[in-house]
Amino acid sequence: MATAATQTLGVLQECGCKGIRTCLVCEGQRRGDPPWQLSPQKPHRFLYCADTGWAMGAEDSDLEGWAFPFPGVMLIEDFVTEDEEAEMVRLMDCDPWKLSQSGRRKQDYGPRVNFRKQKLKTGAFQGLPRFSQAVVRRMGLHPGLEDFQPAEQCNLDYSPERGSAIDPHLDDAWLWGERLVSLNLLSPTVLSMCRDVPGSLLLRLASCASPEALGDSVITPSRSVLCQEVEVAIAIPRRSLLVLTGPARHQWTHAIHRRHIQSRRVCATFRELSAEFRPGGRQQQLGQELLEIALSFQGKPL
């Protein structure tokens with residue numbers, strides 16, 4: 001009994017997995033089949049095209065040559081330089097990382113939040129880290145981010161040795177606002193988008209994947225596919241900035257599958273406040289307090 005307890009304690013000390021979530025660390029120490037949290041691959045895979053804003057049927061699939069509009073994604077490549085990337089990660093590694101679910105490690109810079117009860121406290125939150133000040137300032141130089149003011153930053157560390165991943169999910173919309181902004185560091189990856197709702201997606205020929213092409217045709221060939229059978233892969237290059245808004249933010253879940261972590265990856269995600277915490281909102285005073293703390297850039301990970 002004592003040995004089993006020690007082994008169980010050891011697992012908890014080595015990973016942060018709870019419930020059905022697992023990583024390579026705890027899977028190697030648990031007996032039996034792991035309670036896999038990852039859904040089977042969807043039968044229909046599409047690749048997001050940043051040039052057109054459409055999701056294109058994968059090559060060598062039965063939907064190659066077909067596509068559908070995929071709004072709400074902005075990708076800015078080479079947002080930081082190699083030297084800036086190295087310095088940011090160095091500074092992150094100077095502070096402790098906390099174990100998290102599914103083989104991840106994390107650093108949180110934000111208020112203490114109970115999303116289920118919709119309550120929050122500023123607690124020990126002292127602001128975003130100093131090294132993010134220049135990054136946030138640079139965001140404001142890009143169309144669509146001119147007024148972006150993050151109230152929270154979450155750094156996530158992914159490792160193939162730990163089998164790191166993150167399950168399909170939608171970010172909270174009570175506290176966090178319209179834009180989710182993520183800076184991808186150290187290695188490229190793929191963000192997998194799914195929409196598990198009834199209904200179908202209308203596909204067009206990929207040659208029609210532009211407003212101009214659609215405008216030139218009164219009738220264009222089409223076919224449909226079930227929403228629940230579709231996965232859209234967004235390739236995220238190293239040192240790029242990804243912004244999710246609209247349908248990509250609120251209707252499509254996003255995930256990072258274990259197979260898409262080939263080397264260490266660090267992601268810094270910045271979240272703005274929702275309308276409830278902005279000027280004119282029910283909790284605008286609390287929102288203003290959070291922003292003043294966040295944008296002091298004096299924070300340490302909590």
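Predicted model: local features only at pLDDT ≥ 70, side-chain atom pairs only at ≥ 80, totals over all residues.
1. The open sheet has 9 strands with mixed pairing, and their order is β10-β17-β12-β15-β1-β2-β3-β13-β14. Its edge strands are β10 (166-169) and β14 (222-226), each of which pairs on one side only. Direction ignored, neighbouring strands of this sheet are turned by 35 degrees against each other on average. Within the sheet, β1 and β15 run parallel and are joined by 4 bridges, and H44 stands opposite V230 in β15.

2. A search of the whole structure for salt bridges finds 21. One of them joins K42 to D196, with the closest N and O atoms 2.7 Å apart. This pair links distant parts of the chain, since K42 lies in the loop between α2 (24-27) and β1 (44-49) while D196 lies in the loop between β12 (189-194) and β13 (200-205), 154 residues apart.

3. A salt bridge also brings together the side chains of D157 and R105, at 3.4 Å from N to O. Here the partners are both in strands, D157 in β9 (residues 150-158) and R105 in β6 (residues 105-109), and they are 52 residues apart. D157 is buried, because its relative accessible area of 1% falls under 20%, whereas R105, at 24% relative accessibility, counts as partly exposed.

4. R259 and E231 form a further salt bridge, with an N to O distance of 3.9 Å, which is within the 4 Å cut-off applied to such pairs. The two residues are 28 apart in the chain, R259 in the loop between β17 (253-256) and β18 (265-273) and E231 in strand β15 (residues 230-236). R259 counts as partly exposed at 37% relative accessibility, and E231 counts as buried at 6%.

5. F68 and W252 form a stacked pair, at 6.1 Å centre to centre and with 15 degrees between the planes. The pair links F68 in strand β3 (residues 66-69) with W252 in the loop between α6 (246-250) and β17, 184 residues apart. Both residues are buried, F68 at 3% relative accessibility and W252 with a relative accessible area of 5%.

6. W252 also meets F70, and this pair is edge-to-face because the ring planes stand at 65 degrees, with the centres 4.9 Å apart. F70 lies in the loop between β3 and β4 (73-76), so its pairing with W252 ties together parts that are 182 residues apart in sequence. F70 is buried as well, with a relative accessible area of 2%. One aromatic cluster takes in F46, Y48, F68, F70 and W252.

7. Two arginines lie over aromatic rings. The charged end of R223 sits over the ring of W66, 5.6 Å from its centre, and R265 lies over the face of Y158, at 5.0 Å from the ring centre.

Technical notes
Residues numbered from 1 in each chain as written. Heavy atoms only, no water. Buried < 20%, exposed > 50% of the residue type's maximum accessible area, 1.4 Å probe, protein only. Pairing = 2+ DSSP bridges. Axes fitted to C-alpha atoms, helices over the stretch in contact; angles between N-to-C directions. Phe/Tyr/Trp six-rings, centres within 6.5 Å; stacked < 30°, edge-to-face > 60°. Lys NZ or Arg CZ within 6 Å of the ring centre and 35° of its normal.
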